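User: Please examine the model shown below and answer some questions on its chain geometry and surface.

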Amino acid sequence: MADPGAESEPLLSRARGGSGRDCPAGSAACRSVRDGPGERRPGEGSGPWGLCVGSCWLCAVRCRRCGPAGSCILISFCSFFRILSFTIFLILFLAFIETPSSLTSTADVRYRSAPWNPPCGLTESVEMLCLLVFVADVSVKSYLVGWAQFRTNLWLLAYLAVLVVSLMDWIVSLSLVCQEPLRIRRLFRPFFLMQNSSMMKKTLKCIRSSLPEMASVMLLLALHLCVFTMFGMLLFTGEKQGDGQDRERLIYFRNLPEALTSLLVLLTTANNPDVMTPAYSKNRAYAIFFIVFTLIGSLFLMNLLTAIIYNRFRGYLMKSFQTSLFRRRLGARAAYEVLSSVTAEGQAHPQEVGVKPQDFLQVLQKVQLDSSHKQAIMEKVRSYGGDLLSADEFQKLFNEFDKRVIKEPPPRPEYPSPFLQRAQFLFSHRYFDYLGNFIALGNLVSISVFLVVDADMLPEDRDDFVLGILNCVFILYYLLELLLKVFALGLPGYLAYPSNVFDGLLTIVLLNFLHKWDRRSHLQSLAGDPDTTYQMSVELLFRDVLEEPAEEELMEKLSHHPHLQLCR
């Protein structure tokens, strides 16, 4: 029978030199729970400690008898992880505002104003707060894993060394009043992101494991470049240096560094016509040299290098998935062992080994899970009744985490009229969505056509009246589509689809533009004065009916004006 006081002790007590009452001595399962399988250790997982779902269950089980204190510890871990993520973002963002600052309104040096230089001590204070958070992080991790494992963990040792160097450099900066020529700690800031990102660690580990195979292909690429560099120098520099294209042709292969650089450019296909065009203009037979070089280098060796990297990453990804599955199963099994020991403690003469559904539900309430998954697991547990859960049944409960929850849309409104029912079926059909997509495509094509036609005109000289009318028609259709979908699906059903929410928000924004659109803007160039726009628009409407006044009538009217004197 398990020790009653075992549940109140942390899982890593043995790693810190404790009594190790978490499990029987020598138990392989408990050693795996403490240390983790393979090379995965605390400080190398996703987040600070890399806890999987099963391990979270185990932590919740261990804290079940601790009361509110155990729950506060779990909540504190989650809160500290969020603070750590924000701290990493903050210390990386300091590069944009530190001297020399790159936060400017434009990149053009002609119009760019002087950047803001923060006073000495402002960014340093923020950086010190970030470094203190990192110190707390490495302290917690070293306490959790223990001193014996801390000395063998290269990531944590490097973490500590980077913090020491950063703090020393920070002290030097303040002592020199921020006038030091070089800040070494800036070079180590990306390390904080790498150290707390399991994906980056996996990527680096995969690159390290694939270096031998990559080195063999890189050696072949270097040999390929050297051989063709020699051929190019012998082939293209054997003649006298002339003028024009001959001079340009000889420049690319005049010496070994230039020739090697030119063929490297050709190998990477970066602006490669500049290398081959002068030689090809001199003699078309020179194209054979460049074709053979491209076939061997770009189409064979480079693709071989890509295939090796892809194969290694694919194998490492599958291994990572397998390891993750093993950890989840291991955590679930450890949780079962702890809960079954709790069940055995409550029985004077235990006849069966298993987990009480009541204990499982009690632990489930302390675990932060998605509500849909939690509800599915609770229903699954209640289906077993009052019988003890076996190890196989307990493991099957965790399969609910692998299931994707598909939320059913709200029920559609019911209409008594057959006509409304047919309209509801029509406007809720997927072909109605296809029609809306086709109309949106037409709107995009119309805008593109007008932009191409008016490309040579200034924005103030363009007549956007026709385009504005077309946009009004399209926006009104979008509004009509929104109302018809709400009619067919109901408001809850319409909002249940993210695509409909996006379409609705976009329609509201377009309606705002429609409200602000000046329908008389195309007449302002004709009217010349905004105050006469309405009068001019009326005259244009009746332009075919109105008669133009005669010249004599105009001159006679002006001659009798009290403030005008006409010169004859």
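User: How far apart do the end C-alpha atoms of residues 285-310 lie?

Analyst: This is a predicted model, in which local features need pLDDT of at least 70, side-chain atom pairs count only at pLDDT 80 or more, and totals for chains, interfaces and linings use all residues. Residues are numbered from 1 along each chain as its sequence is written, and side-chain values use heavy atoms, without hydrogens and water. UniProt, in an unreviewed entry, lists residues 285-310 among the spans called "transmembrane region"; such annotations may be inferred rather than shown by experiment. The span is 92% helix and 0% strand (helices are DSSP runs of H or I, at least four residues; strands are runs of E, at least two), and its end C-alpha atoms are separated by 37 Å.

User: Is Cys178 buried or exposed?

Analyst: Cys178 belongs to the loop between α6 and α7. Its phi is positive, about 60 degrees, although the residue is not a glycine. Buried means under 20% relative accessible area, exposed over 50%, and partly exposed in between, with a 1.4 Å probe and protein chains only. With a relative accessible area of 16%, Cys178 is therefore buried.

User: Which class of accessibility applies to Val177?

Analyst: Val177 is placed in the loop between α6 (154-175) and α7 (189-195). Phi of Val177 is also positive, near 55 degrees. Because its relative accessibility is 53%, Val177 counts as exposed.

User: In which helix is Val449 found?

Analyst: At 45% relative accessibility, Val449 counts as partly exposed. The helix that holds Val449 covers residues 430-453 and is α17.
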